[in-house]
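This briefing covers charged pairs, pockets and nonpolar cores, in that order. Please look over the structure first.

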Amino acid sequence: MPSDAFHLVLPDHRHSSVVFASPHSGRAYPPAFLRASQLDEHAIRSSEDAFVDRLFASAPDFGAPLLSAATPRAYVDLNRSPDELDPALIEGVRRSGHNPRVASGLGVIPRVVANGRAIYAGKLSVDEALARIDRYWRPYHARLHGLLDEAHALFGEAILIDCHSMPHEAMDGIARHSRPRPQIVLGDRFGAAADAGIVDRVEAAFRDAGLAVTRNAPFAGAYVAQAYGRPSRHQHAVQIEIDRALYMDERTIRPHSDFDAFADLLRGVIAQIAAIGQERMPLAAE
């Protein structure tokens, strides 16, 4: 399993069934990929969940592991199924039904970054696509599976918190009808990926920090929430989207002056979320 697939920080003592994961914060861009792209090194980062791994870096302090991608989303998207291959990008792939993510260029090997900007001038070979999946996608998900299995073995349940960021403009449409403007979007696939009581507790943690929260619109959860959310099996997945304007300058892709204060605010939220997995332990063990 290559060390360049992910970063994992484990707590000194694991005492929560919660697992935090950040599949889109990877920023190790392979030089050959940058040379092959028609985008510059700044534009290609536009779909990256920049600094989300840093925002959740305190998770191990509260007994929960933090798994984060090393490879960038523009290179291979870990929040997609490995069979979401784009025939418009990858040679030899046949179109199979209609997948809106693939059709828009956001398959497991993305064709575009934010605002539909094409990454490549031509196509990729299927061998190249499969090699990326084998080297990065499979190790990340194998480790994520392992962390959730460990949570089940220790606590009788697993709660996956899938951590993401969203462009500030993503909420413009909803903001016209919602006051205050939502800053956090929780996705549980409309109840299919997590027990309602757990999602209520996650929402309360953000609201207690003074953040405006909404659910499932416009982000209900993608592959990770769909694949790992199994409430009937005591495995829950909640996707979190955080407004990037809260902690970074989206134009320059740099943390702004409020980054440390916001990370400190999130530390309290993370502590409350990790505590969900601690408080439920006796019930899970019975």
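Arg 244 and Asp 49 are both buried (buried means under 20% relative accessible area, exposed over 50%, and partly exposed in between, with a 1.4 Å probe and protein chains only). This is a predicted model, in which local features need pLDDT of at least 70 and side-chain atom pairs count only at pLDDT 80 or more, while totals for chains, interfaces and linings use all residues. Residues are numbered from 1 along each chain as its sequence is written, and side-chain values use heavy atoms, with hydrogens and water left out.

**Salt bridges**

- The structure holds 17 salt bridges (a side-chain nitrogen of Lys or Arg within 4 Å of a carboxyl oxygen of Asp or Glu).
- One of them joins Arg 244 to Asp 49, with the closest N and O atoms 3.3 Å apart.
- Arg 244 lies in the loop between E7 and strand E8 (248–249) and Asp 49 in the loop between helix H1 (31–36) and helix H2 (52–55), so this pair ties together parts that are 195 residues apart in sequence. Helices (H or I, at least four residues) and strands (E, at least two) are DSSP runs, numbered from the N terminus.
- Asp 77 pairs with Arg 73 at 3.2 Å between the closest N and O atoms, and both residues are buried.
- In the salt bridge between Asp 86 and Arg 111, the closest N and O atoms are 2.6 Å apart.
- Asp 86 sits in the loop between E3 and H3 and Arg 111 in the loop between H3 and H4, so the pair links parts that are 25 residues apart in sequence.
- Asp 86 counts as buried at 2% relative accessibility, whereas Arg 111 is partly exposed, with a relative accessible area of 22%.

**Pockets**

- The largest pocket has a volume of about 880 Å³. A pocket is an open set of points on a 1 Å grid over the protein atoms alone, where a 1.4 Å probe fits, with protein on both sides within 12 Å along at least five of seven lines; lining residues have an atom within 4 Å of a point.
- Its lining has 40 residues, and Ser 47, Arg 73, Pro 167, Phe 219 and Arg 244 lie nearest the centre.
- Helix H3 (100–103), strand E4 (158–166) and strand E7 (235–243) each give two or more residues to this lining, and E4 gives the most, with three.
- The second largest pocket holds about 160 Å³ of space.
- Of the 13 residues lining the second largest pocket, Leu 85, Ser 96, Gly 97, Asn 99 and Val 102 are the closest to its centre.

**Nonpolar cores**

- The largest nonpolar core has 41 residues, and Phe 33, Ile 44, Ile 109, Ile 119, Tyr 140, Leu 144 and Leu 160 touch the most other members (a core is a set of buried Ala, Val, Leu, Ile, Met, Phe, Trp, Tyr and Cys residues joined through side-chain atoms within 4.5 Å).
- The elements giving two or more residues to this core include strand E2 (18–22), strand E3 (66–69) and helix H4 (126–155); H4 gives the most, with 10 residues.
- Leaving aside neighbours within four places in sequence, the contacts of Ile 119 include Phe 33, Leu 39, Ile 44 and Val 113 (contact means heavy atoms within 4.5 Å).
- A second, separate core of 38 residues includes Ile 159, Leu 211, Val 238 and Ile 270.

Methods: Grid points are joined across faces, edges and corners, and a volume is the space filled by probe spheres set on the points.
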